[in-house]
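Subject: Structure for your review

Dear colleague,

Please find below the structure that I am handing over to you, followed by an account of what was found in it. I would be grateful if you could read the two side by side.

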Amino acid sequence: MNGPFQTAQELIARTPTLPVEFEALAPPPLLLPGERLDHYHALRQAIFDDLAPRSAIEWLLAIDVAELSWEIRRYRLLRHRLLATYRQKAIEAALRHIDMAGIAPEFEDDAEYYTRQNALSWRFDPIATTEIEAHLASYGFDQHSINTDVYVQAREAFVLFEGLLNAAQASRLLLLREIKRHRLQA
């Protein structure tokens, strides 16, 4: 079932192997903003090439394997972006812990605003990132403590993504087993 590796460009340049009579079985992909149709087609083509479906049932199963594989890819990317967002919140919380200690109540709102702005600068400005991370490190907030805070803050969303990933992977595995079973019976 495994063949030589092909680049995404080689897969995209090839004509789809999905026979015309089975095109109605493959729904158009529902892509989210930022997802690329050529990446979807490259993934689907690689799966079709690897599975080499031989019947309508196998094509249906291969299409579902491709869809689940795309979902798994999506969930991993979204989980990574979610962790980046929570990392900014963890940086903000650490800055708040350091910079707002002893602030007079009448200045708390302004200090909170600047803390949020600094955390945003940390995320998008490499110079600010270096300076803020050095500031945090001088108070004992190393990358490990920040990572811990990220996972603590993101635990519920992280569990959601882990559940989605595990369910999609289990479904994909069942489909692959079904293709194997179908071929053994044929």
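Arg-116 forms a salt bridge with Glu-112, and the closest N and O atoms of the two are 3.5 Å apart. A salt bridge here is a side-chain nitrogen of Lys or Arg within 4 Å of a carboxyl oxygen of Asp or Glu. Both residues belong to helix 4 (residues 108–124), where they are four residues apart, about one turn of the helix. Helices (H or I, at least four residues) and strands (E, at least two) are DSSP runs, numbered from the N terminus. Through shared partners, salt bridges join Glu-92, Arg-96, Glu-112 and Arg-116 into one network.

The model is a predicted one, in which local features need pLDDT of at least 70 and side-chain atom pairs count only at pLDDT 80 or more, while totals for chains, interfaces and linings use all residues. Residues are numbered from 1 along each chain as its sequence is written, and side-chain values use heavy atoms, with hydrogens and water left out.

Leaving aside residues up to four places away in sequence, Glu-92 touches Glu-112, Thr-115, Arg-116 and Ala-119, where contact means heavy atoms within 4.5 Å.

The structure holds eight salt bridges. Side chains of opposite charge can pair when their charged atoms come close. One of the bridges is formed by Glu-58 and Arg-183, whose closest N and O atoms are 3.0 Å apart. This pair links distant parts of the chain, with Glu-58 in helix 3 (residues 56–99) and Arg-183 in helix 7 (residues 155–185), 125 residues apart. Glu-58 counts as buried at 2% relative accessibility, and Arg-183 also counts as buried, at 18%.

Another salt bridge brings together the side chains of Arg-79 and Glu-162, at 2.3 Å from N to O. Here too distant parts of the chain are linked: Arg-79 is in helix 3 and Glu-162 in helix 7, 83 residues apart. Glu-162 is partly exposed, with a relative accessible area of 26%.

Two further residues of helix 3 deserve a note. Arg-74 lies in this helix and is buried, its relative accessible area being 14%. Not counting residues up to four places away in sequence, Arg-74 touches Leu-30, Leu-31, Leu-32 and Glu-35. Asp-64 also lies in helix 3 and counts as partly exposed, at 37% relative accessibility. The C-alpha atoms of Asp-64 and Tyr-139 are separated by 51 Å, the two residues being 75 apart along the chain.

On the surface, Leu-25, Ile-57 and Leu-60 form a nonpolar patch with about 220 Å² of accessible area together. Patches are made of residues with over 30% relative accessible area and no salt bridge; like charges are joined within 9 Å, and nonpolar side chains (Val, Leu, Ile, Met, Phe, Trp, Tyr) within 5 Å. Accessible areas come from the Shrake-Rupley method with a 1.4 Å probe, and for residues only the protein chains shown count as cover. Leu-25 sits in the loop between helix 1 (8–13) and helix 2 (37–51) and is partly exposed, at 31% relative accessible area.

As for the chain as a whole, its secondary structure comes to seven helices and zero strands. The radius of gyration is 24 Å, whereas a compact globule of 186 residues would have one near 16 Å; the radius is taken over C-alpha atoms, and the globule rule is 2.2 Å times the number of residues to the power 0.38. Along its principal axes the C-alpha trace spans about 75 × 30 × 30 Å. Buried residues make up 32% of the 186 residues. Among contacts between residues at least 6 apart in sequence, 76% join residues at least 24 apart. The accessible surface comes to about 11900 Å², and 59% of it belongs to carbon and sulfur atoms.

With kind regards

Key
Buried < 20%, exposed > 50% of the residue type's maximum accessible area, 1.4 Å probe, protein only.
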